[in-house]
Amino acid sequence: MIGLAGTLALLLLLGTALGIADRRNFSPRWLLMAALLVAINDALLTRCYGLLPDVIGGEWNWQGKLAALAALAATLAIAAVPVFGLRRSGFTLAQGPGSLKAALPVASAYCGFFVLVAILFPSGQASAEDVAFQLTMPGVEEESFYRGILLFALDQAFRGRKRLLGVDWGWGAVLSCLLFGMTHAFGYSEGSFSFDPVIMALTGIPSFIAVWLRLRTGSLLLPVLLHNFGNSFSFLA
C-alpha cells in the first residue's frame, strides 16, 4: 500500500501542477476519478493486499488479473452510459477509417522492439503456464485499464491537445504511460522505495506506442494483441 500511496501522490501532484498551468482545460474531478481507478485496480491485483485467499494458485497472478477483469466488466457497464461511451474508451473491434495503413508499420516496429528485447534479455525455461498466462492476461487486463478506462479519465482531466504523428496528444496520454511504467518499475519493500530505470524504459517506451495505436485506430484491439506478443515472444522463442 505504501508503493501505491507513492504512485498516487506522484499522479496527484504532477497532475495538479499540469492542471494549474492550463486551468481552462483541467478538470480536478476527473483527475481524482483517475486516481481512484488506479487505487481500485491495484487493490484487486494484490487480492486486497493479501487479505483475500488465493483460491486459484499457480506461479502467476491469475486471481488478481481475473479480479481486475471482473472490475473492468463492472466499469464497462458504467462506460456504456453517454458520459463515458464504450467506443470512446476504445472498447470496439472497429478500426478507424484508413488507420490500419498507418498503424501496421508501427505495429511491426513494436514487434521488432520486443524481438530485440528477447535477444538481449533471453528468458529461462518456460512452462506451459508461463506461456498461457503471457498470451492472455497481461494484454487484456492492462491495455483495457491503462489504454482504455484510465486513458479516458485522464483525457477528460486534461483536455488540451497537440497534434503529433497523426494523433491528438494530451497530458492524459503522457500520464497514463508514466503510470504504466511506474507500476512495473516502482515499489516499496523492506522499509525502502525502489525504482528500476531499465524496467521503466522497457515498459514506458512501448506504452507510448500502444497509446499512439489506441488513438490512431480508436480501438484497443491492436494494443492488446501486441502487448501479449511482447510478453510471450521471449518464452516462445
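**View 1. Surroundings of Ser-207 in the predicted model.** Ser-207 touches Arg-147, Cys-177 and Phe-180, leaving aside residues up to four places away in sequence, where a contact means heavy atoms within 4.5 Å. Ser-207 belongs to helix H9 (residues 197–217), helices being DSSP runs of H or I with at least four residues, numbered from the N terminus. With a relative accessibility of 1%, Ser-207 counts as buried (under 20% relative accessible area; exposed is over 50% and partly exposed in between, with a 1.4 Å probe and protein chains only). A polar atom of the Ser-207 side chain lies 2.5 Å from the backbone oxygen of Gly-204. This is a predicted model, in which local features need pLDDT of at least 70 and side-chain atom pairs count only at pLDDT 80 or more, whereas totals for chains, interfaces and linings use all residues. Residues are numbered from 1 along each chain as its sequence is written, and side-chain values use heavy atoms, with hydrogens and water left out.

**View 2. The salt bridge between Glu-143 and Arg-147.** The closest N and O atoms of this pair are 2.7 Å apart, a salt bridge being a side-chain nitrogen of Lys or Arg within 4 Å of a carboxyl oxygen of Asp or Glu. Both residues lie in helix H7 (residues 137–157), four residues apart, about one turn of the helix, and both are buried.

**View 3. The salt bridges of Asp-155 with Arg-161 and of Asp-168 with Arg-163.** Asp-155 and Arg-161 meet at 3.6 Å, N to O; Asp-155 is buried at 13%, while Arg-161 is partly exposed at 34% relative accessibility. For Asp-168 and Arg-163 the closest N and O atoms are 3.2 Å apart, with Asp-168 partly exposed at 39% and Arg-163 exposed at 59%.

Definitions and conventions. Helices (H or I, at least four residues) and strands (E, at least two) are DSSP runs, numbered from the N terminus. A polar contact is a pair of N or O atoms within 3.5 Å; within protein, one must be able to donate a hydrogen and the other to accept it, and residues adjacent in sequence count only if both atoms are side-chain atoms.
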